[in-house]
Amino acid sequence: MGGGRVSPTLPTMASHMRILVVEDDDRVARGLVTALRSASFDVQRVATAERALTAAPADVVLLDLGLPDADGIDLLRRLRRRPQTAIIAVTARSEERDRVRGLRAGADDYVVKPFGVAELLARIDAVLRRTRPARAEPEAEDPPLSVGDLVIDVNSREARLADTALQLTRKEFDLLRLLVARSPNVVARDQILDQVWGAAWEASSRTLDTHIASLRNKVGTAVQIRTVRGVGYVLDGG
Ligand code: CA
């Protein structure tokens, strides 16, 4: 996939990527399946939680949290156990509580109904880039990430703040990179633990607090790592 940058509305690796659409509303599902197939994804749609759990493994699950036969959050947790699957939760606009619960339960992202196809494709592209960097662009150098004066070179694993290199530990770098990549979005605690510390994170919630405190010291006031109570953290530009 050496060719240049692709328009942000077009997933870079749509072909060969499998998407499972879990949606009980036939009309909504039809629209989604058509749009995703037009974008060259390999799409399977199911209408119930039971079918979602027995469906073939997918790269991305688009999960409607309002299903008739199960609690959407419970289903999300069960699907989350498959490490290679990214999950985008779909909620109705009124269900703020579900969005927060969805992120805490490990959704990689969420969209709120009604959403446009371009937004959905951009979010799918973003979660695929995050969860499968190797498959998304095997030969390309990743471009630097930045928020304000903070620049992260993911290839050399260097973080610079207005031309001064930050002295970060490996985990601090991984944590900062994740926050910068997701900014201005909130990253859920569970997701940080999952992506930075991996599977054995149960005991390390306090470790995350320690690393956040240390990072705050190192980045000073140029950018702000803000706590979103009950959810996680968000990196704000200076
Ligand atoms: Ca529904």
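**Close-up views of a predicted model**

**View 1. Helix H7 (residues 170-182) and helix H9 (residues 205-219) pack at an angle of about 80 degrees, and their axes lie 10 Å apart.** The structure shown here and in the other views is a predicted model. Because angles of 65 to 115 degrees count as roughly perpendicular, H7 and H9 are described as roughly perpendicular to each other. On the H7 side the contact is made by Lys 171, Glu 172, Leu 175, Leu 176 and Leu 179, which meet residues of H9 including Leu 208, His 211, Ile 212 and Leu 215.

**View 2. The calcium ion is coordinated by Asp 24 (OD), Asp 64 (OD) and Gly 66 (O), at 2.2 to 2.3 Å.** Along the chain, the donors of this calcium ion follow the spacing D-x39-D-x1-G. Asp 64 has a relative accessibility of 5% and therefore counts as buried, whereas Gly 66, at 39% relative accessibility, counts as partly exposed.

**View 3. Helix H1 (residues 26-38) has 13 residues and reaches 18 Å from its first C-alpha to its last, close to the 18 Å expected at 1.5 Å a residue.** H1 is followed by Ser 40, whose phi is positive, near 75 degrees.

**View 4. The buried residues of H1 pack against strands S1 (18-22), S2 (42-46) and S3 (60-64) and against helix H5 (117-131).** Within H1, the residues that are buried include Ala 29, Leu 32, Val 33, Ala 35 and Leu 36.

Technical notes:
Residues numbered from 1 in each chain as written. Predicted model: local features only at pLDDT ≥ 70, side-chain atom pairs only at ≥ 80, totals over all residues. Heavy atoms only, no water. Donors = N, O, S within 2.8 Å, 3.2 Å for Na, K, Ca; no water. Buried < 20%, exposed > 50% of the residue type's maximum accessible area, 1.4 Å probe, protein only. Helix = DSSP H or I, 4+ residues; strand = E, 2+ residues; numbered from the N terminus. Expected span 1.5 Å × (residues − 1). Contact = heavy atoms within 4.5 Å. Axes fitted to C-alpha atoms, helices over the stretch in contact; angles between N-to-C directions. Parallel < 35°, antiparallel > 145°, perpendicular 65-115°, else oblique.
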